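Let's take a walk through a multi-chain model, one topic at a time. Keep the 3D view open and look up each residue as it comes along.

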Amino acid sequence: MGIFTSPILNYGMLAPILVVLAGAVAGVLIEAFAPRKSRSSSQLVLSVFTLVIALVALIRARGTYSNKAAMNSITFDGAGYLLQMSILIIAIIAILLLADSDKFAAAPTAAPGSDEERQAQVANIRVTEIYPLTLFAIAGMLIFTVATDLIMLFVALEVLSLPLYLMAGLARRRRLASQEAALKYFLLGAFSSAFFLFGIAYLYGYSGSITFAGIAAAITGGTANDVFLLIGISFVSVGLLFKVSAVPFHSWAPDVYQGSPTAVTAFMAAATKVAAFGAMLRIFYVAFAGDVWQWRPILTAIALITMVFGSLVAISQRDVKRMLAYSSIAHAGFLLSGVIALNKSGLDATIFYLFAYGIATVGAFAIVSLVNDASGEVTDLNRWAGLGKRSPWIAIAFSFLLLAFAGIPLTSGFVGKFSIFSAAYESGNTAILITGVLSSAIAAFFYIRVVVLMFFKDPVEDGTSVVIPSIYTRITILVSLAITLILGVFPAPVLDYISQTAFFLR
Amino acid sequence: MDPYNYLYLAALLFTIGAVGVVVRRNAIVVFMCIELMLNAGNLTLVTFSRINGDLNGQVVAFFTMVVAACEVVVGLAIIVAIYRSRRSASIDDASLLKR
Amino acid sequence: MVTASSLVYLIGLPLFGAAFLLLIGRKADKWGHIFATAMSAGSFILGLLHFFEMSSRATEDRAITQTLFTWIEVGSFKVDAALLLDQLSICFVLLISGVGTLIHIYSISYMAHDENRRRFFAYLNLFIAAMLLLVLGNSYLNLYVGWEGVGLASYLLIGFWNKKPAYATASKKAFVMNRIGDMGLSFAIMIAFATMGTVLFEGVKESVDRVGTPTLTAIGIMLLIAATGKSAQFPLQAWLGDAMAGPTPVSALIHAATMVTAGVYLIVRSNFIFDAAPTAQLLVVIVGAITLIFGAIIGMAKDDIKKALAASTMSQIGYMIVGAGLGPAGYAFAIMHLLTHGFFKAGMFLGAGSVMHGMNDEVNMRKYGGLRKVMPITFVTFGLGYLAIIGVPPFAGFYSKDEIIATAFNSGGAQGIILGSVTLLGAVITAFYMTRVMVLTFTSKARWDEGVHPHESPVLMWLPMAILAIGSVTAGYLFTQGDALVSWLAPLFAKKEEYDELMPHSVVTVLAITAVIIGVTAALMKYQFKSVDAIAPSDVSLATRLARNDLGQDLFNEAIFMRPGQALTQGLVIVDEKVIDGAVHGIGSMAVGSGATLRRTQSGYVRSYAALILVGALVLLAAIWVVTQ
Amino acid sequence: MTLTIIMFLPLVGAALLALVPSAQERLVKQVALATTIVVAVATLIKALNFNVENTELQFRQSYSWIPSFGINWALGVDGIALVLILMSVILAPLVILGGWNESEGGRFGVKTFYILILVLETMVIGVFAATDLFLFYVFFEAMLVPIYFLIGGYGSGERAAAAVKFLLYSLFGGLLMLASIIGLFVISGQNGEVTFDITKLSELHTVMSSTTQNILFLGFFIAFAIKAPLWPFHTWLPDAAKSGTAGTSILLLGILDKVGTYGMIRFCLSIFPDASKTFTPVIIVLALISILYGAFLAIGAKDIKRLIAYTSISHFGFITLGIFAMTTQSQSGATLYMFNHGFSTAALFLVVGWMIIRRGSSTISDFGGLQRITPIMAWSFFIAGLSGLALPGLSSFVSEFLVLVGTYTRYPAAAIIATFGIVLAALYILIPVQRALHGETTPGNENLKDLNLREKITIAPVIAIIIFLGFYPSPLLKIINPAAAYIVQQQGYSDPVPTMNGGK
């Protein structure tokens, strides 16, 4: 004590995070100083550029794995590398959706219907703060997946969450709902963060260390007060399970998915899930692995309930975004089985599944954003009837993504489901396997219902039409379809790459 | 004094906060309850720091305060925005999205 | 002259005729009937050639086989498409193709005004082919093909005028009841294969002494079931009366002379099984005896000439079955009665057709009478057949029936006495109902409807009747001359056991003739010397009413099989819809319902979500606690 | 020409179709027909090189597909698979030709109809030829998509509901199978290399506990029992058959459902011999129930297409019975039955399809007296019906009899009960024959047209095959026998010897 050693940072490994943070800061500066007219395009260019640079930096850093990337706080290892890559790729295709700025509130701070808002609309003011917010959130996600001490973990969680709370409230239309989504997301998110923090405190109290390695060592040592560990694991899990929207911590998801601007929902649903599961994998595989017999039964139960609950409730949804939200809850259950498996194949499978699911989710929400009427997006499923007749290609694309969610062969979803259930069964978890396939069957029910609606119901002439606003959205959809198909038909390279690369440095 | 008592105090504060979140309607009050929970976390951290004879816990507490401050910024922004639209800070009014 | 390799043409000619006429369509309407007749006649001539060829060979070389190709071969199950012509099958070949050809000729005229005559002839040819296959197959499975083939032809021909729903129903009834019998044949084949590893006649014959009696009894009973179906024996007899819906030549050929006797063929062909299975043999006799009386009783009450003849057919086949059930002593006589019956019954049916032809298709004998004068040829030919069937010496039926009665009496013990009495009783009743037919139709006073102008049939119709009448007169004599038929068939059967004659043959003959006289006299008293109402009297005894209703056979079938079957079907339809599909839909709605219920938890209030998280966190904590403990 | 190339030929045709302008419907149909004919010819030529002496899989091809899971693009056929592929490729052009106008008035246009059929054909060949379990599963599931759109898009009545019911039922079964496949996959990994090669998987049973085997077996069996519908998993079939077009119904009942019974042979038996033995009594009971239950419901059916669907349930009962009776006769009979059922069902649906198009109704009682009005159509229906009731001399008799006689040697009681089905068969065929073909002409039927040339050309080969194989099934039996005998032997069974004393 007393002697201050300057921290040793491995900038190569931190580069992706730093690049994104720098891009975010630059975005703030643009927001402050660039002329209003060019802001929108320059922000988009900057964001995409930042993310691409970050991706390049990440790829350059591959193979140089160390658990001392930033002292003991960040571990850059194979799994972290893959997760960060997934987040960046998903972010790149998701951020293109933000370019459709018509979907965002002109003056988010103005009350809906106020003069202020009207003036902003007349002046054609376009909101562009969303780009730096997104970049901040991405930075938080990148850190979240590689954080190996409790401070870093908590800070990353907040860095990724806070921008999202704001972004949820930025919808141009149905602003009350959007603000409500923001409020709910914020209050519940903060509430769960408090649990998370409390859990962190107890983990620290249990092990006397704030690093994962220290916690793992304490568990292996087994001399400390088990009650602390128990409270710590429980409450940290609450925070993480909230983020991945597992039952019973799921209730924010449908409301927030529905209320948020669809582009934000796409980003949030895909990227947050990767980040949250990434962190979860790391904590459970690295820090809590020694205590598996205590948490596995509980997490198994949560996984089972989550799968079944998500699938069942999704059946009765009438709103496509809510339906996708419940579907994402069900998928959280499937993904949890990879975490519980606690073996190498579980790790590989979860990473593959996350990537495949994230990509498909972005594509699905992108398509949702295309179906419009005069007053904005149409998310009422009944009004999707006959979409197959009106715009067959969009309907086929959406059906394909739904089939991927349902896990039909020749889509990425099937390979993902196959590998994750194999991993679960390999760990001896037959219950997960059986419940998993059964809830997949239930899930098929509502995916197919949408397909039926689109193809076998006659369209109602109520002004609903498909509007493809920009080339960017088109790119997003095509890329997501292509990846979903390729991962379904030729998954071998990706699977091999993951299985060769994915590991945790302990 | 037995440092463990601080743990009990923190747990009590946490519980009060959590119950407050569930029972109070005003968004600001709910938010303050969450702050209370965060601070209960902080108190726990500091206590453990003392028990374990390790400074890291106190460092975490500092970070938490910073984070909590950020949260206030974001949270108040959202609450204010919603108050301006609805002329109400009751969180029960915000229940358009359901089922 | 002819070799085994030509056997296939016996079947091939008529089969080709059928296929050709059906495929070529209306173009052949003008000459199709002649073509078909030629095919049938060709078969007959070939059969004759084979017969002469065969009789010129030594006894042990008479059976010939033609193997065409391997039909089914899987593992040890091997059946060739092969034909066997031996002393037994040649009898049938000649009967089928001979009588068949005559009936072809008859039909040319009988069906002259039917627009679908070509199709009718195609069906007739199909029948001839199938029936020949039935008697020529060298294994039970080959026989089975012909067995069902004749069923199909019978179905098509009964339902030839299927525009009338009742006729269509009759054809369906015949097919379905036959299928019940066919099931018996299937079982027999299965048991044979499972126990002996073969379904060839020859193979089974060789294996018989290595198989236990229970198995043989089972096979025998199954074959008997098959026979009861095809030959309209009790309890599967009900279809035959309805089968009279078909054109009369069909009734003559299929439902009198040939197809219905297939059961007798089957039992005689399987003599080696029945000889070794006394229980089965006893059952055969019982079935035959019951049917004999059953048919005869029905015959007494029927006013429809064809139905009366059909009942008589049933009864006569009962005689044959009894004969076949009597073992080596009776086989040859069963066949003999079968052949003579083929002549006289076919002749009488054709005669009935001729009468109907002249009477505007009237079948009710109470509307006939006095046709002796207007239809002399028909009267004579029918009359000769009549004399034959009731067993007046020296007509054909006398010889064959007499032998069966004698054999029955001499089959020993109480069985012999009972059987003998039953067959004698049958003879009395036969004489009665046939006389009744004769009287009502030809010799009583005319009771014609107005506008009916009976006339004799054209030559193409009466010529076959005449030929068959000659057969009815001479066949019995020829067959018994020097035991011709018995010794011809003898190599196929086990040696007759020597038995003590319970009753000398001459006594039996006297008894039989007495029986005939009683029957004829009774009938004459009742019908010839009293006036007959044109409308059937309704104030008749219960017995008569029962007999008119075929002794309740249809009521029985309806009550025991049809109604419960329909109820079962309806029940299952409901079960399928409500229970099984209902369960499927139930699971579906359960999922939807539970989803809708769970959905309510999403109240929209942040506080309730927070409460859920809080509770969730506590439960999680508690659960981990529990696991830890 | 390899199996892979043959398999992809229909896809090439589909791609060609995509290039044809939608407006040129005639050209679209011609291209589709030409493609299926090319596929059929190519397959027949390929089949001529099949060595009937060899019990091993032939025409094998294997390329690594997903090495980390041990998944290969592995194709190959034995006699059973070959026969089923032949059936499928021969039926495909007949379906197109027979339902020449079916595609019109559908939801998605004419072109899509044929693209779906061609895609389906590829998958069907794939599913029968796959020797990699994973590959099989991929086709098994992916197949559902085109047939789903075919039913839902081009059928009649409650077609969307029927399509969904079909799809959900099948997906449910498929997912159960997926669970079992995952189980096998993991177990194979625990006992050496992970693999999906069915030959290697069939050695796994030695290391599986009987409980594991039973559970995994059930996953497979239920999936197949849904597909081949076996009582009580059958209720989707009548709905789907009623709603689909005649062509779709042929594809569905004639071809796709065979995947179920094929799967029982290929996977249930060879991978889980012990579990198969354990469950044989249950399965035989289910098969018997299917035989009788399907027959009774066929008798009670008022709709002609539902009737055919129920007869198929009965027939699938026979096939399943033959498969699990485990004698060479029943096994060969079952496969032959699959082939013959394909053609007799095709014949029935083709004719019924034409009847329905002409009459605008599929209710049996709306027909009547057709034999006089449309004799050729009536005859075609009659012969198809006779084939359905397994009349000797027609192909289905041989197979049905083999199944029965083979079953009898091992399970006499089962064979006896099953035989009652033949009486019921007479009823369920002759009742519609009587109602539709015989009797007075029902009002509305007076001016129905008889079959046209195209329809005659379609039905003629089907009937020819039905009759030819009735008298001369040897060509097929020669292909099937070695494979069937091998499976029986692989299961550790040998045919029961005749029980008589002394033997020959």
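In which element of chain D is D:Phe59 placed? Have a look for strand S1 of chain D, residues 58-66: that is where D:Phe59 sits. Bear in mind as you go that this is a predicted model.

**How the chains meet**

- There are 5 pairs of chains in contact, and the pair C and D shares the most contacts.
- Chains B and D, on the other hand, do not touch, and their nearest C-alpha atoms are 25 Å apart.

**Chain C against chain D**

- This contact takes 46 residues from chain C and 47 residues from chain D.
- On the chain D side, the elements giving two or more residues are helix H12 (273-300), helix H14 (328-359), helix H17 (395-410), helix H18 (412-437) and helix H20 (474-490).
- H18(D) provides the largest share of that side, with 10 residues.
- Sort the chain D side by class and you get 27 nonpolar, 18 polar and 2 charged residues.

**Chain A against chain C**

- Here 31 residues of chain A are in contact with 22 residues of chain C.
- H9(A) gives the most to the side of chain A that touches chain C, namely 9 residues.
- That side of chain A has 23 nonpolar, 6 polar and 2 charged residues.

**Chain B on its own**

- Chain B has 3 helices and 0 strands, and its pattern along the sequence reads α-α-α.
- Its radius of gyration is 16 Å, well over the 13 Å that the globule rule gives for 99 residues, so chain B is more spread out than a compact globule.
- Along its principal axes, the C-alpha trace of chain B spans about 50 × 25 × 25 Å.
- Of the 99 residues in chain B, 41% count as buried.
- Take the contacts in chain B between residues at least 6 apart in sequence: 48% of them join residues at least 24 apart.

**Domains and a helix pair in chain C**

- Chain C is divided into domain 1 (315-541) and domain 2 (557-628).
- The centres of these two domains of chain C, taken over C-alpha atoms, are separated by 72 Å.
- Two packed helices are described by the angle between their axes and the distance between the axes.
- For helix H19 (residues 413-443) and helix H22 (residues 505-528) of chain C, the axes come within 7 Å and cross at roughly 35°.
- The crossing of H19(C) and H22(C) is right-handed.
- Residues making this contact include C:Leu424, C:Ala427 and C:Val428 of H19(C), and C:Leu511, C:Ala512 and C:Ala515 of H22(C).
- By class, the contact of H19(C) with H22(C) has 18 nonpolar, 5 polar and 1 charged residues.

**Cis peptide bonds**

- C:Pro393 and C:Pro394 are joined by a cis peptide bond, with omega about 5°.
- You'll find C:Pro394 in the loop between helix H17 (376-390) and helix H18 (396-409) of chain C.
- In chain D, the peptide bond from D:Trp231 to D:Pro232 is cis too, with omega near 0°.
- D:Pro232 lies in the loop between helix H9 (210-227) and helix H10 (236-243) of chain D.

**Residues with positive phi**

- Back to D:Phe59: its phi is near 55°, a positive value in a residue other than glycine.
- D:Phe59 counts as buried because 21 other C-beta atoms lie within 10 Å.
- C:Ala232 is another residue other than glycine with a positive phi, near 50°.
- C:Ala232 is in the loop between helix H8 (213-230) and helix H9 (239-242) of chain C.
- With 30 other C-beta atoms within 10 Å, C:Ala232 is buried.

**A closer look at D:Ala246**

- D:Ala246 is in helix H11 (residues 246-271) of chain D.
- Buried or exposed? D:Ala246 is buried, as 27 other C-beta atoms lie within 10 Å.
- Beyond its neighbours within four places in sequence, D:Ala246 is in contact with residues including D:Gly99, D:Glu102 and D:Phe349.
- The C-alpha atoms of D:Ala246 and D:Ser170, 76 residues apart along the chain, are separated by 20 Å.

How values were computed
Residues are numbered from 1 along each chain as its sequence is written. Chains are lettered from A and ligands numbered from 1 in the order in which they are written. This is a predicted model: local features need pLDDT of at least 70, side-chain atom pairs count only at pLDDT 80 or more; totals for chains, interfaces and linings use all residues. Two residues are in contact if their C-beta atoms, placed from the backbone, lie within 7 Å. Helices (H or I, at least four residues) and strands (E, at least two) are DSSP runs, numbered from the N terminus. Ala, Val, Leu, Ile, Met, Phe, Trp, Tyr, Cys and Pro count as nonpolar, Asp, Glu, Lys and Arg as charged, and the others, Gly among them, as polar. Domain bounds come from an automatic or database domain assignment. The radius of gyration is taken over C-alpha atoms; the globule rule is 2.2 Å times the number of residues to the power 0.38. A residue is buried if 20 or more other C-beta atoms lie within 10 Å of its own, exposed if 12 or fewer, and partly exposed in between; C-beta atoms are placed from the backbone. Axes are lines fitted to C-alpha atoms, for helices over the stretch in contact, and angles run from 0 to 180 degrees between N-to-C directions. A crossing is left-handed if the near helix is turned anticlockwise from the far one by less than a right angle, and right-handed if clockwise.
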